[in-house]
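Subject: Structure handover

Hello,

Here is the structure I promised to pass on. Please open it first, then read my notes below with it on your screen.

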Amino acid sequence: LSDRLSSVFDRLTKQGALSADDVKTAMREVRVALLEADVSLPVVRDFVKAVEAKATGQAVTKSITPGQQVIKIVHDELQHVLTGDEDPGKLKIDNPPAPILMVGLQGSGKTTTTAKLAKRLKDREGKKVLMASLDTNRPAAMEQLAILGTQIGVDTLPIVKGETPVQIAKRAKTQASLGGYDVFMLDTAGRLHIDAELIAQAAEVRDVANPRETLLVVDGLTGQDAVNVAQEFDDKIGVTGVVLTRMDGDGRGGAALSMRAITGKPIRFVGLGEKMDAIETFEPQRIAGRILGMGDIVALVEKAQETLEAEQAERMMKRFQKGRFNMNDLKMQLDQMLKMGGMEGMMGMMPGMNKMKGQMDKAGIDDSILRRQIALINSMTKAERANPDLLAASRKKRIAKGAGLEVSELNKLVKQHRQMADMMKKMGKGGMLKQAMKQMM
Ligand code: GDP
Ligand code: MG
């Protein structure tokens, strides 16, 4: 898939702006990528439409190719759709004891996630947490939570045989208040499929506990189904966020996009393994790359850019070594300097330049000089730029006038150029140039 995408984007590298056809061609592949990542069809349709509308006619930023531009637009849009809360990892747990209700299908990872989050709250925020299992269907499930609690050093509500989930929830609430807990987490029972009884039970528990957060735990490896499940849970119980588990597997996580787009519920956490620390706050850009499977391409593009720059530098260096350092080269350097944060930024980057910076400050040299120098070079003809020796007095007058500056300033530039060219030549011979350039890259 990556290959297919990159070949499409390769073809796009030749043109200068994003035409409707360019975008359509690229988006056909993006569409396939999304479907392969298990994003549901209506979501894919909307997404593709949104990107096409944004991309078509967009001017291609200088120095990046149209293909790269499309990748960026796709990425940005994906990220935009996936972004929910500003701070997805921040659970609302003021007013202790704050109830957190965990819901989801059986095997989705509710019990594991309950313990992971409890540990997180304890370790990171110093919260006192109580966990209670409401899974009366499977006694082993209650044991499972108790064992995890011991393992992570978080209290669990003592198991009392014969209680209903609602009774357990009530007891947890009381116990949390009496015991001075900051948070109590209710790990509910799941079913293999969503059914009326499961929903009714969860709703009853919700009414008793009045949770601050209701987190829906969803297996990230399930595709389409996850969306229906999320929709149903949200309609009937109301969820405040989604936890996507098993993202350590090879699933592409397309469910995340569908769920976000259809239910509008933010994804808050991502489960990344069975261990108690294997949970992270949701990061849209990471999942975006994963869904598209274009992480490789993005890296490739970046690498290509680096290589290109390195090649350019290499070519420039060869010229310098031969003493060919003309006004075009100087202009390129001046442009580069401005881009890198001007004089100040440049000097800060180069070792041993602090002293020189002090002198420059004293002499009143700043970025406006860079800009004036660029203006002077712009005012030269092609021939003059390539061969500064041509710069006789009459030409100098014309150039200075063209740039709206004094000839004295142009003279300074010419002198500076000469000095730099000499220095380049010397450095080139000693191999110092290569080192200097490397440090600047
Ligand atoms: P529950 O039925 O919803 O409570 O699911 P469990 O918490 O019992 O989890 C079911 C299985 O999935 C267990 O073996 C967990 O260790 C495993 N599991 C849960 N979350 C993750 C995850 O993020 N990655 C992986 N690889 N396994 C997980
Ligand atoms: Mg469980």
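**Around the ligand**

Helix 5, residues 110-125, gives the most to the shell around ligand 1, with three residues. Keep in mind that this is a predicted model. In total, 18 residues surround ligand 1. The closest are Gly109, Lys110, Thr111, Thr112 and Gly271. What kinds of residue make up the shell around ligand 1? Three are nonpolar, 11 are polar and four are charged.

**Two helix pairs**

Two packed helices are described by the angle between their axes and the distance between the axes. Here are both values for each pair.

Start with helix 5 and helix 6, the latter being residues 139-152. Their axes come within 10 Å and cross at roughly 25 degrees. Angles under 35 degrees count as roughly parallel, so helix 5 and helix 6 are roughly parallel to each other. Helix 5 passes helix 6 in a right-handed crossing. On the helix 5 side, the contact is made by Thr111, Thr114, Ala115, Ala118 and Lys119. Helix 6 brings Ala141, Gln144, Leu145, Leu148, Gly149 and Ile152. By type, this contact has six nonpolar residues, four polar and one charged.

Now go to helix 7 (residues 165-178) and helix 8. Their axes come within 9 Å and cross at roughly 25 degrees. Helix 7 and helix 8 are therefore roughly parallel to each other. Their crossing is right-handed. Pro165, Val166, Ala169, Lys170 and Lys173 of helix 7 meet Gln201, Glu204, Val205, Val208 and Ala209 of helix 8. The residues of this contact divide into six nonpolar, one polar and three charged.

**Two backbone details**

Most residues other than glycine have a negative phi, and most peptide bonds are trans. Two places in the chain deserve a look with that in mind.

A cis peptide bond joins Pro96 and Pro97, with omega about -5 degrees. Pro97 sits in the loop between helix 4 (66-82) and strand 1 (98-104).

Asn210 is not a glycine, yet its phi is positive, near 50 degrees. Where is Asn210? Look in the loop between helix 8 (196-209) and strand 5 (213-219).

**An annotated stretch**

An unreviewed UniProt entry annotates residues 266-279 as "domain: SRP54-type proteins GTP-binding". How much of residues 266-279 is helix, and how much strand? The chain there is 0% helix and 43% strand. The end C-alpha atoms of the stretch are 16 Å apart.

Best wishes

How values were computed
Residues numbered from 1 in each chain as written. Chains lettered and ligands numbered in written order. Predicted model: local features only at pLDDT ≥ 70, side-chain atom pairs only at ≥ 80, totals over all residues. Near = placed C-beta within 6 Å. Helix = DSSP H or I, 4+ residues; strand = E, 2+ residues; numbered from the N terminus. Nonpolar A, V, L, I, M, F, W, Y, C, P; charged D, E, K, R; others polar. Axes fitted to C-alpha atoms, helices over the stretch in contact; angles between N-to-C directions. Parallel < 35°, antiparallel > 145°, perpendicular 65-115°, else oblique. Left-handed = near helix turned anticlockwise from the far one by under 90°. Contact = placed C-beta atoms within 7 Å. UniProt positions renumbered as here; feature names shortened; annotations may be inferred.
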